[in-house]
Amino acid sequence: MDAAPPLVELRGITKRFGGVLACSDVNLTVRAGEVHALLGENGAGKSTLMRVLSGDVTDHSGEIRVRGEPVAFRKPLDAQRAGIAMIQQELDLVPALSVAENLHLGREPRTARGTVDRRRMNARTRELLRHIGVDLDPRRQVGLLRIGEQQLVTVARALALRARVLIMDEPTSALSGTEVDRLFSVISELRGAGTGVVYISHRMDEIGEVADRATVLRNGGVAAEFDARSVTAEQAAAAMVGEEVDTTSARRHRPPGEELLSVSGLGLRSGGCDDGRREPAGIDLSVRGGEVVGLCGLLGSGRTELLEALFGSGPSARWYGQVRLNGRAYCPRSPGEALRAGVAFVPEDRRGSGLTPEHSVTANTVLSVLPRLGPLGLVSRRRERSVARRSSRRLGIKLGSIADPVGTLSGGNQQKVVFGRMLLTEPRLLLLDDPTRGVDIAAKAELYRLLDEVAEQGIGVLLASSELAELVGVCSRIVVLRGGASVAEFDASRTTQAELLTAAMGSDPDQRDSPTTSVGGGR
Amino acid sequence: MSSRTTDDDPAGDGSAPTGSPPAGSAPPAGTGRSGERFGGLDTLLRFQSFFGLVLVFLASVVFSPRGDHGEIIFLTSENLFNLVRAISEIGIIAIGLTFVILIGGIDLSVGSLLGLAAVGSAVLLTADDYGVLAAIAVVLLAGLVFGLLQGLAVALLRVQAFIVTLAGLQMARGLARLWSGGETVPIIYGSGPGEAPLAFSLLGERTFNGIVPVPALMFAVLAVVAVAFLRGSAFSRHLYAVGGNEKAARLSGVPVNRVKVVAFGVCGLCAALAGIVHAGQLNTGSPNAGISYELDGIAAVVVGGTSLAGGRGSMVGTIAGALLLGVLNNILALNTVDTDLQLIIKGLVIVAAAALQRLRPNR
């Protein structure tokens with residue numbers, strides 16, 4: 001193609017986290033003026049690879065070459081100096097400062113008297129923005145901009161830092177249709193100017209529109225490479241899920257029990273995301289005792305919001321529609337109420353919302369069942385320890401002592417502590433949000449075994465997961481959510497991962513108008 | 001107490017359907033690291049306020065001035081009891097503050113609340129002719145309600161505790177001045193109208209043959225109750241959980257708002273009790289009593305090793321911290337160190353204690 005060496009070349013990148021092989025022998029090149037899409041399921045190794053490229057992960061094997069020269073990044077700043085910039089999903093702008101001030105943070109032009117030269121700063125900013133075809137007032141406060149505009153500001157900042165390679169991690173996940181169009185026109189400007197772009201996304205329609213080449217990662221390795229313009233959604237989905245051996249199948253045939261949970265026409269509206277363009281189509285599903293029902297959906301599909309509503313933990317979400325638990329109307333206003341009604345929840349982010357890492361395993365295990373540990377609001381230390389010990393043993397938690405801070409355990413074992421806490425409440429319905437995320441394969445297998453055990457006891461399970469293999473392997477039925485509505489339901493024994501993924505991604509361009517996420521820092 | 005999880009009880013029913021062996025059901029003894037927590041440095045830091053107390057105590061013995069017969073004045077029982085009496089008010093405040101600081105909050109209103117309670121006690125006992133128990137009950141109730149209201153503002157209005165209690169600091173001081181008419185209210189004992197029942201003067205006296213000051217005894221009793229409560233109650237687990245990770249606590253079914261409100265209520269109650277003690281010791285209710293006591297209270301909690309970020313710390317630490325600052329005050333005063341210099345030394349001790357906290361491995 002080109003005689004000049006590629007902008008960036010990754011050769012044989014391999015990285016392990018503990019026992020997990022996050023990247024294995026990955027090769028990837030980015031040429032000048034090329035948009036290279038990176039596809040793959042969660043956990044396929046995309047983020048790790050990009051962290052290697054942006055100097056965030058440094059203890060990997062393999063080689064990085066920038067314009068033909070081998071380099072060794074020791075910190076993100078090294079990568080930045082080499083012209084590689086990453087646009088994070090959480091934007092790292094200072095909301096209280098103006099666009100120009102954000103672009104020049106720490107490098108403000110000075111006047112002769114040593115004060116900030118605003119005139120020069122604003123003019124430079126205007127020029128930078130014009131360069132990528134964006135019309136924005138440099139004096140606007142960043143916190144007042146829309147998310148899409150803020151994202152464009154981060155792109156401009158990367159260019160101000162003379163970035164030659166931009167990494168964009170799901171840049172459209174929070175954008176509306178028109179904002180996406182604008183971003184794409186900026187990307188094509190960049191391409192014309194000879195910048196290389198690595199574009200991570202789940203959305204097939206976007207890939208065809210914006211990218212030149214696509215690399216699919218699976219289980220840490222490169223599964224396929226395509227010409228992005230001609231690849232079909234089915235081809236890409238097949239490469240992403242592969243024909244892997246089903247290691248997860250823990251499903252057992254058991255007669256389903258009574259209907260535990262029935263949801264009909266449930267809509268979630270969490271203030272401010274209603275753009276009036278979408279009909280409030282709702283979520284319909286039911287869970288029977290002893291049944292594991294899967295919830296499949298991409299970021300922004302309403303998956304997490306549904307679970308939060310069912311557990312009474314949503315951020316004051318207003319919802320409409322009908323939810324019945326054991327035949328009675330059910331509308332929990334707090335997690336405490338949900339737990340008393342027999343509904344338990346294992347959250348997605350165990351460190352952030354599941355555990356108190358510096359407290360002991362014991363304290364974390366018994367938190368939900370304290371009243372059972374003694375009379376008059378007292379806690380018997382002996383009983384507390386024996387409950388924690390029994391729970392740890394039942395779940396096969398590997399630990400030194402139950403007095404150790406729970407933060408010292410491995411990810412899988414931490415997750416089991418949360419799991420154990422919830423099982424101690426003796427729930428009838430168990431809600432799980434991506435319970436195996438960031439958990440190694442052995443721990444995964446154990447969690448599946450536990451899930452099966454739980455279902456065997458007649459507990460109904462609603463399992464949300466971004467891993468398709470997990471859904472197909474563990475569940476009996478799978479409900480697919482998209483844009484806050486249930487769009488399909490599959491019998492897990494008669495569906496394929498590719499079929500699920502196709503349903504979850506859809507092809508409907510309106511789907512871009514997904515609920516917005518807020519900017520870090522607020523205003 | 002150390003428990004190694006053994007697999008004498010295979011949790012599963014042994015018929016895992018996958019045929020895949022439950023990976024890790026027979027681990028090679030897990031990742032044992034239980035021993036390392038009890039290393040020397042860690043133990044020292046865990047109980048730093050206690051070791052600090054011992055250290056300052058020993059130093060005080062060494063540097064104490066001698067009496068006429070060569071006795072160590074610092075160690076005389078009279079001096080030691082005076083020392084405890086001197087810190088009893090700050091100590092009681094610090095006990096209440098520990099509840100609030102453990103949930104990651106702060107209460108700046110306690111000094112003003114002490115003033116309000118002191119004025120309230122004096123006015124109720126004299127001008128309003130309340131009985132001792134009735135006056136104490138009303139004042140304690142007022143402190144409790146004041147604290148609960150602050151807690152409600154923090155929990156429901158989601159205003160930061162610093163701001164809520166900064167406002168509370170102003171309001172309690174204003175209320176104290178209004179109630180007292182801006183004047184110090186003297187407590188005159190007697191049985192006539194406008195005179196306080198003699199029983200209240202007990203707070204300024206000594207029991208057990210005139211040895212143990214009553215405020216010191218009250219502080220000691222409250223300390224024991226508070227330590228026991230924080231060790232054994234379900235509520236204390238909720239305090240730590242809310243302070244450690246509020247979101248996780250909420251998702252575990254902990255009534256987070258209720259815990260916050262109660263913590264502030266307890267803190268207000270303790271401040272009011274300290275105010276009653278204050279009035280009883282001085283036989284007056286001054287609207288200017290307790291100014292900047294909140295800072296001394298917070299200092300005691302911090303020196304005691306409780307993290308202002310919440311979720312970490314102990315009541316034993318707080319009490320050791322209060323005692324440490326009391327011993328320091330006492331020995332500096334015994335040696336007639338300049339009061340300005342005293343303040344500087346106390347400041348250095350607080351910074352040192354906080355810096356030592358940072359050494360503790362943060363997991």
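**Sheet, helices and loops**

Modeller: Keep in mind that this is a predicted model. Start with a helix on the sheet of chain A. Helix α6 (residues 177-192) of chain A lies across β3, β7 (165-169) and β8 (196-200) of chain A.

Colleague: At about what angle does α6 of chain A run to β8(A)?

Modeller: The angle compares N-to-C directions and can go from 0 to 180 degrees. For helix α6 of chain A against β8(A), the value is about 145°.

Colleague: Which strands are the edge strands of the sheet in chain A?

Modeller: Six strands form an open sheet, in the order β6-β7-β8-β3-β9-β10 (chain A), with mixed pairing. An edge strand pairs on one side only. In chain A, that describes β6 (84-87) and β10 (221-227).

Colleague: What is the average twist from one strand to the next?

Modeller: Strands of a sheet pair through backbone hydrogen bonds, either parallel or antiparallel. In this open sheet of six strands in chain A, the twist from one strand to the next averages 20°.

Colleague: Which residue in β9(A) is the bridge partner of A:Leu38?

Modeller: Strand β3 (residues 35-39) of chain A runs parallel to strand β9 (residues 213-218) of chain A, and four bridges join them. In β9(A), the partner of A:Leu38 is A:Thr215.

Colleague: Which strands does helix α8 of chain A touch?

Modeller: Helix α8 (residues 233-241) of chain A packs on the sheet. Its direction makes about 30° with that of β9(A). The strands it touches in chain A are β3, β9 and β10.

Colleague: Now chain B. Are α4(B) and α5(B) roughly parallel or roughly antiparallel?

Modeller: Helix α4 (residues 110-125) of chain B and helix α5 (residues 132-156) of chain B pack with their axes 9 Å apart, at an angle of about 150°. Angles over 145 degrees count as roughly antiparallel. Therefore α4(B) and α5(B) are roughly antiparallel.

Colleague: How many residues of the contact of α4(B) with α5(B) are charged?

Modeller: The crossing of these two helices, α4(B) and α5(B), is right-handed. The contact includes B:Leu113 and B:Ala117 of α4(B), and B:Val138 and B:Phe146 of α5(B). Its residues divide into nine nonpolar and three polar, and the charged count is none: no charged residues.

Colleague: How many of the eleven residues of α8 of chain B are buried?

Modeller: Helix α8 (residues 234-244) of chain B is mostly covered. Its buried residues include B:Arg237, B:His238 and B:Tyr240. What covers the buried residues includes α12 (361-366) of chain A, together with α3 (77-102), α7 (214-232), α9 (246-251) and α10 (256-282) of chain B. The buried count for α8 of chain B is ten.

Colleague: Is A:Leu376 buried or exposed?

Modeller: A:Leu376 is found in the loop between α12 and α13 (381-394) of chain A. It has a positive phi of about 55°, although it is not a glycine. A residue counts as exposed with 12 or fewer neighbours. A:Leu376 has 7 C-beta neighbours inside 10 Å, so it is exposed.

Colleague: And B:Arg158, buried or exposed?

Modeller: B:Arg158 lies in the loop between α5 and α6 (161-180) of chain B. Its phi is positive, near 60°, in a residue other than glycine. With 8 C-beta neighbours inside 10 Å, B:Arg158 counts as exposed.

Colleague: What percentage of the residues of chain B count as buried?

Modeller: Chain B has 13 helices and four strands. Of its 363 residues, the share that counts as buried is 47%.

Definitions and conventions. Residues numbered from 1 in each chain as written. Chains lettered and ligands numbered in written order. Predicted model: local features only at pLDDT ≥ 70, side-chain atom pairs only at ≥ 80, totals over all residues. Pairing = 2+ DSSP bridges. Contact = placed C-beta atoms within 7 Å. Parallel < 35°, antiparallel > 145°, perpendicular 65-115°, else oblique. Left-handed = near helix turned anticlockwise from the far one by under 90°. Nonpolar A, V, L, I, M, F, W, Y, C, P; charged D, E, K, R; others polar. Buried ≥ 20, exposed ≤ 12 C-beta atoms within 10 Å, placed from the backbone.
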